Amino acid sequence: MIREVVVVGAGSAGLIAAVTLKRKIPDLKVTVVRDPALGTIGVGEGTTPNFVEHLFGFLGISPRLFHQVAEPTWKLGLRLLWGSRPHFDFSFALNLDAQWSDLPMPNGYYLDEDFDSGNQSGALMSQGKAFVRRADGSPELRPWYAFHIENGKLIRLFEMLARDLGIRTVDARVADVERTGRGLAAILGEDGRRFAADLFVDASGFRSELLGEALGEPFVDFGGSLFCDRAVVGGWEREEEPILPYTLAETMDGGWCWRIEHERAIHRGYVYASRITSDDEAAREFVSRNPKAGEHRVVRFRSGCRRRTWVGNVVAIGNAAGFVEPLEATALMMVCNAASDLTKLLLQVGREPTDSMRDLFNARTDSGWRDIRDFLAIHYRFNDRLDTPFWRLCREETDVSGVDELLRFYRENGPSGFARHLLPHTTNDFGIEGYLAMLLGNRVPHGNPYRPSERERGVWNDHRRELRRKAKLGMTVAEALAWFRRRDWQGIRSGPG
């Protein structure tokens, strides 16, 4: 039986894993080994709705505490300066794969030409608003939002939670490991201390000290589908800029640039492929587009995952298990998925892991990584906004074979939600809605354009006018922050308002 767990790594992945295990299995002894030489990554992070559900639903963390300590801003989705449209929005609420009861076709067929304001979330994004305003002046929170968070503040929150739960944190740098037939017996610190456990969670980041280095689990490279491997990151203190309720993804000559919104700062990052664009070239383009950014630095990464993420008594979570580039903010989504799956499985087998359980965990995690790879790949394959060497390479060589059947179905049938049955069953937040948003948003041709009658068009436009009316009267992020703070975050909830 697993009674003691050692987590290697005290970043967001390690702390989320530690808190999840301890909160759901209180008698588990959990120790976090923190390398004192490593700081936080110091970047802004976007999340998806599963992060909200994991914190407030699965873990039962107080939304009030979360907002007070982490100081997030709300995120309704992603705005893409992508393809031939001026922009298009991918909101977390159902849009294309939804249907009004008084119309005969799903929304996707009516959004083919005009992609704006197909649902309430999209209408709010178009108006720069975060929430519909209720009759009493309060913001209406619906379960289709996520957050922008500064990494350091998120870690501070989980450090507090870890202390309150009795999780032990020690400063030590891993020097070696003791092996056993089933994996590891202990990790050894540079100072000679020995940390033994029944289960080890490798949250050591890209180093993957336990799973990759100690156990030698192979890395599966996604370079055939995702060419970017570096990012220039920077930002500036907010001045008069409004706080946008979405993450911006802007096409650049050699890749794309994110914009993540914090209350008092704006974070930007230019993601590019080093085989096409040098660090200096990327930095020059980044600064030319973001003259306020000031100091900036280059971050290197590799898109891919370990062949297995649970080997023997070692489970990797976060970058130690895998990473795909920052597009669509999948890092914390995969951390939450892995932490909750691990915890639930341990509970259901009485904390005595079986081979079949490990195999299931590995298959489920592998499917999640590959689904994300394929989803991100279509962002690149079909973006025809710029004719530069990088984007020509993407259109000509990006491997999208993992979704060949889905693409064939779309090209023949258009934006039908029935294509969902061609996707793997994973816990990713995107689903067929995400695929349809990217295909239709990028104007990928299909052979089934729909021509609504005048009556249908009138009904459709009436729905959108009402959505836009409510959005126009809605609350901005700044207004919502001020409203909740006046009430000391009392009554804030994670679900429907």
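A network of salt bridges links Glu 71, Glu 150, Lys 153, Glu 263, Arg 264 and Arg 485. The structure described here is a predicted model, and the count of salt bridges in this model comes to 39.

Among the individual pairs, Arg 133 forms a salt bridge with Glu 479, with a separation of 3.3 Å between the closest N and O atoms. Arg 133 belongs to strand E7 (residues 132-133) and Glu 479 to helix H15 (residues 477-486), so that this pair ties together parts of the chain that are 346 residues apart in sequence.

Because Arg 230 lies in strand E16 (residues 230-237) and Asp 279 in helix H8 (residues 279-289), the pair ties together parts that are 49 residues apart in sequence. The relative accessible area of Arg 230 is 17%, and this residue is therefore buried, the cut-off for that class being under 20%.

In the salt bridge between Asp 387 and Arg 395, the side chains meet at an N to O distance of 3.6 Å. Asp 387 has a relative accessibility of 57% and is therefore classed as exposed, a term that applies over 50%, whereas Arg 395, with a relative accessible area of 24%, is partly exposed.

Turning to the pockets, the second largest pocket holds about 230 Å³ of space. The lining of this pocket includes Pro 49, the residues Phe 90, Ser 91, Phe 92, Ala 93 and Leu 94, and the residues Asn 428, Asp 429, Phe 430, Gly 431, Ile 432 and Glu 433. Strand E6 (88-91) and helix H13 (431-441) are the elements that give two or more residues to this lining, and it is H13 that gives the most, with three residues. When the lining of the second largest pocket is sorted by class, seven residues are nonpolar, three are polar and two are charged.

Notes:
Residues numbered from 1 in each chain as written. Predicted model: local features only at pLDDT ≥ 70, side-chain atom pairs only at ≥ 80, totals over all residues. Heavy atoms only, no water. 1 Å grid on protein atoms, 1.4 Å probe; cavity = no way out; pocket = protein on both sides within 12 Å on 5 of 7 lines; lining within 4 Å. Points joined across faces, edges and corners; volume = space filled by probe spheres on them. Helix = DSSP H or I, 4+ residues; strand = E, 2+ residues; numbered from the N terminus. Nonpolar A, V, L, I, M, F, W, Y, C, P; charged D, E, K, R; others polar. Salt bridge = Lys/Arg side-chain N within 4 Å of Asp/Glu carboxyl O. Buried < 20%, exposed > 50% of the residue type's maximum accessible area, 1.4 Å probe, protein only.
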